[in-house]
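Please keep the sequence and the structure in view while reading.

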Amino acid sequence: MNVSVKFCGIDFPNPTVLASGYLGVTGASLANCINNGAGGVTGKTLFMEPRPGHPNPTVLTFPGGLINAVGLCGEGIKNGIHEFKKFREMAPDAPLIGSIAGKNLKELIEVAEIMDTYPVDMIELNLSCPNVDDEMGRPIACDPLMTRDAIKAVRKVVKKPISAKLSPNVQNIGIVAKNAENEGADAITAVNTMGPGMLIDIKMRRPILSNKVGGVSGMALHPIAVRCVYDIYKAVQIPIIATGGIMNGKDAIEMILAGGSLLGIGCAITANDLNCFTMITDKIREYMKEEGFTDISEMVGLAHEI
Ligand SMILES: Cc1cc2nc3c(=O)[nH]c(=O)nc-3n(C[C@H](O)[C@H](O)[C@H](O)COP(=O)(O)O)c2cc1C
């Protein structure tokens, strides 16, 4: 059973990839995910300057998953190089995706130019964080035309493969993905968190997150994410990193059948610890054996066949 995936020319030994924002701040924690079975890893989103993010509380659990308003805290692209180098020392051949964003298009281009010189295999453009609207306005990926302009501008300065990370909070995600493809995106990552949502402390009678609202991930996001991947697969030819509430093997297989080639894994880590990468890959292998598939690529997008 072959579960390895060639994605934008990069060899992933299995389809599981650490999603951005989970354990992605240090080279050692990224390498630890590889040692625990992840096929590849994505770093935490980096801006040009260091960002403190929102004050606590920033992450809450609820029965449907997580709600977070971390606010894209990070050490800034220039400081980030040390951690990428450390990761490369610890995991020289493992696929590494660098995630970036900008306060505006000019900054996004500048950060992209710098990330292109780093030892990453691919660059993910986080166009879709729902927790920083107050500061930066509506996420780029919520507007097909802004998405088109962002990809066009970044494509001009970046040689490495780029993946556009999209938002589920749109009317027609297929159009957004198509615009990204038309302007030279090599892949789509779908999706970022949904919402924003809110949880209220009934004793305090006020929202619990300091930011009041936050992005929803995990189980509650999963059916929306499956539909988004399905719609994107119909709209574009470029491959998809399917992300959103993949908690177990069944969720992962659904995403592959919807059209995902790689699988972004985030919330499952909080529920199952780092064993989730191996657990999900083993379940995919088991399913392939039961259903008579020999190569994982045979399964991609099969839910589209009538
Ligand atoms: C605490 C937290 C921090 C996150 N930080 C980032 C980030 O820095 N960049 C990004 O693109 N996505 C970020 N995300 C979104 C995840 O990468 C992922 O798209 C989302 O959580 C859905 O996947 P999941 O349901 O498996 O967690 C974050 C999510 C959480 C819960």
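Which of the 23 residues around the ligand come nearest? They are Ser 20, Thr 45, Lys 165, Gly 218 and Gly 245, where a residue is near a molecule if one of its heavy atoms lies within 4 Å of it.

This is a predicted model, in which local features need pLDDT of at least 70 and side-chain atom pairs count only at pLDDT 80 or more, while totals for chains, interfaces and linings use all residues. Residues are numbered from 1 along each chain as its sequence is written, and side-chain values use heavy atoms, with hydrogens and water left out.

**The ligand**

A polar side-chain atom of Lys 165 lies 2.8 Å from an oxygen atom of the ligand. Gly 218 places a backbone N or O atom 2.8 Å from a ligand oxygen atom, and for Gly 245 the corresponding distance from a backbone N or O atom to a ligand oxygen atom is 2.7 Å. Of the 610 Å² of accessible area that the ligand has on its own, the protein covers 96%; such areas come from the Shrake-Rupley method with a 1.4 Å probe.

**The spaces**

The space taken by the ligand is the largest pocket, and a molecule is said to sit in a pocket or cavity if more than half of its atoms lie within 2 Å of its grid points. On a 1 Å grid over the protein atoms alone, a pocket is an open set of points with protein on both sides within 12 Å along at least five of seven lines, whereas a cavity is a set where a 1.4 Å probe fits but cannot get out; lining residues have an atom within 4 Å of a point. The count comes to 2 cavities of 30 Å³ or more.

| Space | Volume | Lining by class |
|---|---|---|
| Largest pocket | about 540 Å³ | 14 nonpolar, 17 polar, 2 charged residues |
| Largest cavity | about 100 Å³ | 4 nonpolar, 5 polar, 3 charged residues |
| Second largest cavity | about 50 Å³ | 5 nonpolar, 5 polar, 2 charged residues |

In these classes, Asp, Glu, Lys and Arg count as charged, and Gly is among the polar residues.

Helix H9 (267-272) is one of the elements that supply at least two residues of the lining of the largest pocket, and the largest share, 3 residues, comes from H9. For the largest cavity, the largest share of the lining, also 3 residues, comes from helix H2 (residues 77-90); helices here are DSSP runs of at least four residues and strands are runs of at least two. The second largest cavity has Ser 20 and Lys 165 among its lining residues, and both of these also belong to the residues that come nearest the ligand.

Notes. A polar contact is a pair of N or O atoms within 3.5 Å; within protein, one must be able to donate a hydrogen and the other to accept it, and residues adjacent in sequence count only if both atoms are side-chain atoms. Grid points are joined across faces, edges and corners, and a volume is the space filled by probe spheres set on the points.
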